[in-house]
Amino acid sequence: MKIAVIGAGIIGVTTAYELSRDGHEVTVLERCGAAAEEASFANAGIVAPGMPSREISRFFSHRHPIRLSLPISAHELVWFWKWHRARRLDRNRAQRQSLASYSRERLHRITADLKLDYERSEGVLMLLRSEHDSKMMQAGLQLLREAGQDFKELSALDTRKLEPALSPDTPFFGAIQLIDAEVANCRQFALLLKNESQRRGVKFAFNTEVAHISSAGGVTLTVAGETSAHPYDAIVICAGANSARLLGALGIKMALAAVHGYSISAPIREPLNAPRSGIIDRRHQVAITRLGNRVRVSGLAELGGAPGQNRADALQTLYRVLHDWFPGAAKLSSGVQEWKGACPMLPDGAPLVGASGVPGLWLNLGHGASGWALSCGSARALADLMAGKAPEMDLNGLGIERLAR
Ligand SMILES: Cc1cc2nc3c(=O)[nH]c(=O)nc-3n(C[C@H](O)[C@H](O)[C@H](O)COP(=O)(O)OP(=O)(O)OC[C@H]3O[C@@H](n4cnc5c(N)ncnc54)[C@H](O)[C@@H]3O)c2cc1C
């Protein structure tokens, strides 16, 4: 088939790769000048099987994980209300968890098959500042057991053996070691897989914004600044937070919001003072990860706010948590990258992977705070569906039909 993929974030790149493996003629259209320039640019990089990063924070937090910022639109307020309701019901958890496990397997298979070399480290520790923090997470531990996640409860002493650079000045109770979790550089992987896909014949049209999609007489798309429509056998929407706008014109309505998160990345000053892999500060919902010769601190989930404007308190929290755990690890005087990214998210937190209901139009979007962890599995499962095959994992409950509920 002749297929257009809209968007070259981690979801679009993995989708294009899997479709090209199946022998399709694939073109990726991306409005930015390169792949992984938006939400996939500087995320924490945590890949946790059985428990995507959203689940980790969600089950271990007693705090409200999403903060509201002004200005906030009516659409965002409605989304927030729906999200709050869905959070209590927590449908599709089993599917999200099995997609996360399948995705990690797929990530490893692609890495081995293509011999991809990108920044990676094994293991993630959830740090508990106090005994109270530990008590608060017992229900979360039960969910980890049910998800089949391999973990260990560690004392502070044992935690320090795994992460010897943890500051001696910040007391803490212990940690949960998420044994199969890992940290890996999402953007690097996306760029490498884009190159491999190009070698397989996938065309990437950068600086190319899709203005409009039509379904009259087969699926077509029109590029901004052009008048003629380009026909395809199939179009896959992987346009992140912008997907709802493209679909709205076809009468497909969905409550997709851009939930923003922040990260700072800084060069490592002294490797002995830096984390070996990833830690998550449970109380502050902040991840500190090692990516090659940089340390990245990420966190916060913000709905609303002026585009392009960073919350100063969000960035300050990241610097403070870094200082608490790894003071002196990073060079903060210059070369620090402060970043705000928009996670495309549906109120129930699950991605949309599958048919759209419009013949020839397919969806792979809305992966929220776990897009990297879910990308390789979502892409393979969608390619199987498009080929008329049953995916290797159960996608029931992750399709568009659930939005009618
Ligand atoms: C601070 C932070 C930390 C995170 N940490 C983690 C983590 O540890 N683990 C994890 O799994 N996930 C994490 N995430 C989430 C993850 O980064 C996202 O879920 C993922 O990047 C979403 O990928 P995407 O391809 O859907 O979106 P994007 O990367 O935004 O890609 C969509 C692409 O579509 C393009 N596009 C949009 N409209 C058009 C159009 N009309 N025409 C052409 N192109 C278009 C955009 O330019 C963009 O490049 C984090 C996110 C943030 C913000």
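Guide: Ser-370 has a backbone N or O atom 3.3 Å from an oxygen atom of the ligand. The protein buries 97% of the 1000 Å² that the ligand exposes when taken alone. Keep in mind as we go that this is a predicted model.

In Ser-40, an N or O atom of the side chain is 2.5 Å from an oxygen atom of the ligand. For Arg-31, a polar side-chain atom lies 3.1 Å from a ligand oxygen.

Now widen the view to the shell. There are 38 residues surrounding the ligand, and the closest are Glu-30, Ser-40, Asn-43, Gly-368 and Ala-373. So what kinds of residues make up this shell? Sorted by type, 20 are nonpolar, 14 are polar and four are charged.

Where along the chain do they come from? Helices α1 (10-21) and α11 (371-386) each give at least two residues to the shell, and so do strands β13 (257-267) and β17 (337-345). The largest share is that of β17, with four residues.

You can pick out eleven helices and 19 strands. The C-alpha trace spans about 65 × 45 × 40 Å along its principal axes.

Of the 405 residues, 59% count as buried. The accessible surface is about 16400 Å², with 51% of it belonging to carbon and sulfur atoms. And if you take contacts between residues at least 6 apart in sequence, 76% of them join residues at least 24 apart.

You'll find Thr-27 in strand β2 (residues 25-29). Its relative accessible area is 17%, and buried means under 20%, so Thr-27 counts as buried. Leaving out neighbours within four places in sequence, Thr-27 is in contact with Ile-3, Ala-4, Val-5, Lys-203 and Tyr-232. Thr-27 and Ile-6 are 21 residues apart in sequence, with 8.5 Å between their C-alpha atoms.

Next comes Thr-170, in the loop between α7 (156-162) and β7 (174-184). Setting aside residues up to four places away in sequence, Thr-170 touches Arg-129, Arg-160, Asp-324 and Trp-325. The Thr-170 side chain reaches the backbone oxygen of Asp-324 at 2.5 Å. Arg-96 is another story: Thr-170 and Arg-96 are 74 residues apart in sequence and 35 Å apart in space, C-alpha to C-alpha.

Our last stop is Glu-196, in helix α8 (residues 186-199). Glu-196 is buried, with a relative accessible area of 17%. Apart from neighbours within four places in sequence, Glu-196 is in contact with Leu-114 and Leu-116.

Note on methods
Residues are numbered from 1 along each chain as its sequence is written. This is a predicted model: local features need pLDDT of at least 70, side-chain atom pairs count only at pLDDT 80 or more; totals for chains, interfaces and linings use all residues. Side-chain values use heavy atoms; hydrogens and water are left out. Buried means under 20% relative accessible area, exposed over 50%, partly exposed in between (1.4 Å probe, protein chains only). Contact means heavy atoms within 4.5 Å. A residue is near a molecule or strand if one of its heavy atoms lies within 4 Å of it. A polar contact is a pair of N or O atoms within 3.5 Å; within protein, one must be able to donate a hydrogen and the other to accept it, and residues adjacent in sequence count only if both atoms are side-chain atoms. Accessible areas come from the Shrake-Rupley method with a 1.4 Å probe; for residues, only the protein chains shown count as cover. Ala, Val, Leu, Ile, Met, Phe, Trp, Tyr, Cys and Pro count as nonpolar, Asp, Glu, Lys and Arg as charged, and the others, Gly among them, as polar.
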